[in-house]
Amino acid sequence: MRLNTIPIAIALAGLLAGCGAARPNKYFQLTVPGDAAAATDPEPFPVTLLIGPLRASHLYREDHIVFSSAGQSMGTYEYERWSEPPAEMLVEVLMRELRTSGRYRTVDALRSNSRGDYVLYGRLYDFKEVSASSLMARVTMEWQMRETKSGSTVWTHYYSHDEPVSGKDVSAVVAALDHNAQRGVSEVKSSLEQYFSSHRSN
């Protein structure tokens with residue numbers, strides 16, 4: 001009986017040691033501008049912008065960091081994650097960018113009791129690492145703006161770009177995705193300003 005007990009005890013000790021060495025999760029987030037840096041425009045566009053949700057696949061509505069190959073296969077990293085789902089982080093980044101630009105009377109999130117002149121909403125198609133001949137960070141999204149008074153879609157902007165990844169680890173992928181996201185949001189902001197500048201008299 002004593003001989004049979006020894007291997008069992010050794011196995012249990014190994015299991016306990018393995019449990020104690022569990023790998024912790026590591027979380028990442030996109031760069032979000034601070035409200036304290038808001039600019040002041042002497043003649044802002046006299047409109048209230050409301051930003052609705054960014055629709056996306058369930059992969060981008062969760063906190064997993066997604067990777068894919070040149071084919072159709074996709075997966076997620078187990079221990080490296082986003083602090084928030086990418087679809088939510090992109091909405092937050094865009095809202096902060098539009099607020100800090102100082103170009104609009106009001107920029108706010110769309111809620112059930114919100115009232116605004118225009119509503120922005122969109123869809124996120126890609127926010128992932130792509131392994132092909134070289135490692136890339138792909139962001140693809142499309143935004144639309146609806147005028148609340150007429151209910152008509154008056155503006156759209158499509159963004160798709162593959163940002164080269166400078167390293168081999170997940171941190172390098174995250175840095176490339178962040179840079180790509182900032183570039184996409186900057187394009188959306190500039191396109192919106194062009195729209196309202198050309199329709200200022202209306």
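Me: A pocket here is an open set of points on a 1 Å grid, with protein on both sides within 12 Å along at least five of seven lines. How much space lies in the second largest pocket?

Reply: Keep in mind that this is a predicted model. Rolling a probe the size of a water molecule over the atoms shows where empty space is left. For the second largest pocket, that space comes to about 180 Å³.

Me: And which element gives the most to the lining of that second largest pocket?

Reply: The lining includes I51, P53, A87, E88, V91 and M95. Two elements give two or more residues to it, strand 2 and helix 2. The top giver, with 5 residues, is helix 2.

Me: How many of the residues lining the second largest pocket are nonpolar?

Reply: Let's go class by class. Among the lining residues are G52, L54, E84, E92, A109 and L110. Of the lining, 1 residue is polar and 3 are charged, while the nonpolar ones number 8.

Me: What share of the chain's contacts with a separation of 6 or more is between residues 24 or more positions apart?

Reply: The chain has 202 residues, and 42% of them count as buried. For contacts, look at the pairs with a separation of 6 or more. Among those, residues 24 or more positions apart account for 72%.

Me: How far apart are the end C-alpha atoms of helix 2?

Reply: Helix 2 covers residues 86-101, which makes 16 residues. At 1.5 Å a residue, helix 2 should span 22 Å. The model agrees with that, since its end C-alpha atoms are separated by 22 Å.

Me: Is L30 buried or exposed?

Reply: L30 sits in the loop between strand 1 (26-28) and strand 2. Its contacts beyond four places in sequence include W82, M89, L90, V93 and F127. V174 is 144 residues along the chain from L30, yet their C-alpha atoms are separated by 8.3 Å. With 4% relative accessibility, L30 counts as buried.

Me: What about N25, what is its relative accessible area?

Reply: N25 lies in the loop between helix 1 (2-20) and strand 1. Leaving out residues up to four places away, N25 touches E78, Y79 and R81. E78 is 53 residues away in sequence, and 7.9 Å away from C-alpha to C-alpha. N25 is partly exposed, because its relative accessible area is 37%.

Me: Last one: which residues form one aromatic cluster?

Reply: Rings pair if their centres lie within 6.5 Å. That rule gives 7 aromatic pairs. One aromatic cluster is made of F45, Y104, Y118, Y195 and F196.

Conventions: Residues are numbered from 1 along each chain as its sequence is written. This is a predicted model: local features need pLDDT of at least 70, side-chain atom pairs count only at pLDDT 80 or more; totals for chains, interfaces and linings use all residues. Side-chain values use heavy atoms; hydrogens and water are left out. Helices (H or I, at least four residues) and strands (E, at least two) are DSSP runs, numbered from the N terminus. The expected span of a helix is 1.5 Å times one less than its number of residues. Rings of Phe, Tyr and Trp (its six-membered ring) pair if their centres lie within 6.5 Å; planes under 30 degrees apart count as stacked, over 60 as edge-to-face and the rest as tilted. On a 1 Å grid over the protein atoms alone, a cavity is a set of points where a 1.4 Å probe fits but cannot get out, and a pocket is an open set with protein on both sides within 12 Å along at least five of seven lines; lining residues have an atom within 4 Å of a point. Grid points are joined across faces, edges and corners, and a volume is the space filled by probe spheres set on the points. Ala, Val, Leu, Ile, Met, Phe, Trp, Tyr, Cys and Pro count as nonpolar, Asp, Glu, Lys and Arg as charged, and the others, Gly among them, as polar. Buried means under 20% relative accessible area, exposed over 50%, partly exposed in between (1.4 Å probe, protein chains only). Contact means heavy atoms within 4.5 Å.
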